[in-house]
Amino acid sequence: IVRPVAMASEAMLEAKLQASSLAPTHVKVTDESDGCGAKFICECVSAKFEGMGRLERHQAVHAAIAEEMQQIHAFTIKAWTPAQYAAKSSGA
């Protein structure tokens, strides 16, 4: 049995990340593919990223949306700890 998979969307990806074990304090997903759902940029801020390298952070985000990643062509991840995000946001 083949089940149709819903096309990935900003809202769907944000909801999935918010509900994940990452418990992010900020998530923003932007569709860069003119609406076809194949190319996204993701900002994710989570205290769970403390002590993780960039590769580990990206793997954690990918794991949270593994099912959706099967239909996404490009997914750029910006994963920060709350302290890193605060410093970035304040322009420091």
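Visitor: What makes strands E1 and E2 a pair, and in which sense do they pair?

Guide: Two strands pair if DSSP finds at least two bridges between them; E1 (residues 26-31) and E2 are linked by 6 bridges in the antiparallel sense, so they meet that definition. Strands are themselves DSSP runs of E with at least two residues, and helices are runs of H or I with at least four, both numbered from the N terminus. This is a predicted model, in which local features need pLDDT of at least 70 and side-chain atom pairs count only at pLDDT 80 or more, while totals for chains, interfaces and linings use all residues. Residues are numbered from 1 along each chain as its sequence is written, and side-chain values use heavy atoms, without hydrogens and water.

Visitor: Which strand is joined to E2 by 7 bridges?

Guide: That strand is E3 (residues 74-80), which runs parallel to E2. Cys 42 of E2 stands opposite Val 29, and in E3 its bridge partner is Ile 77.

Visitor: Why is Cys 42 called buried?

Guide: A residue is buried under 20% relative accessible area, exposed over 50%, and partly exposed in between (1.4 Å probe, protein chains only); Cys 42 has 0%, and therefore counts as buried. Cys 44 is also at 0% and is buried, and 5 of the 7 residues of E2 (residues 39-45) are buried.

Visitor: How many disulfides does the structure hold?

Guide: The structure holds 0 disulfides.

Visitor: Where is Thr 81 found, and why is Thr 81 counted as buried or exposed?

Guide: Thr 81 is in the loop between E3 and H4, and because its relative accessibility is 4%, Thr 81 counts as buried. Apart from neighbours within four places in sequence, Thr 81 is in contact with Val 45, Ser 46, Phe 49, Glu 50 and Arg 57, where contact means heavy atoms within 4.5 Å.

Methods
Disulfide = S-S within 2.5 Å.
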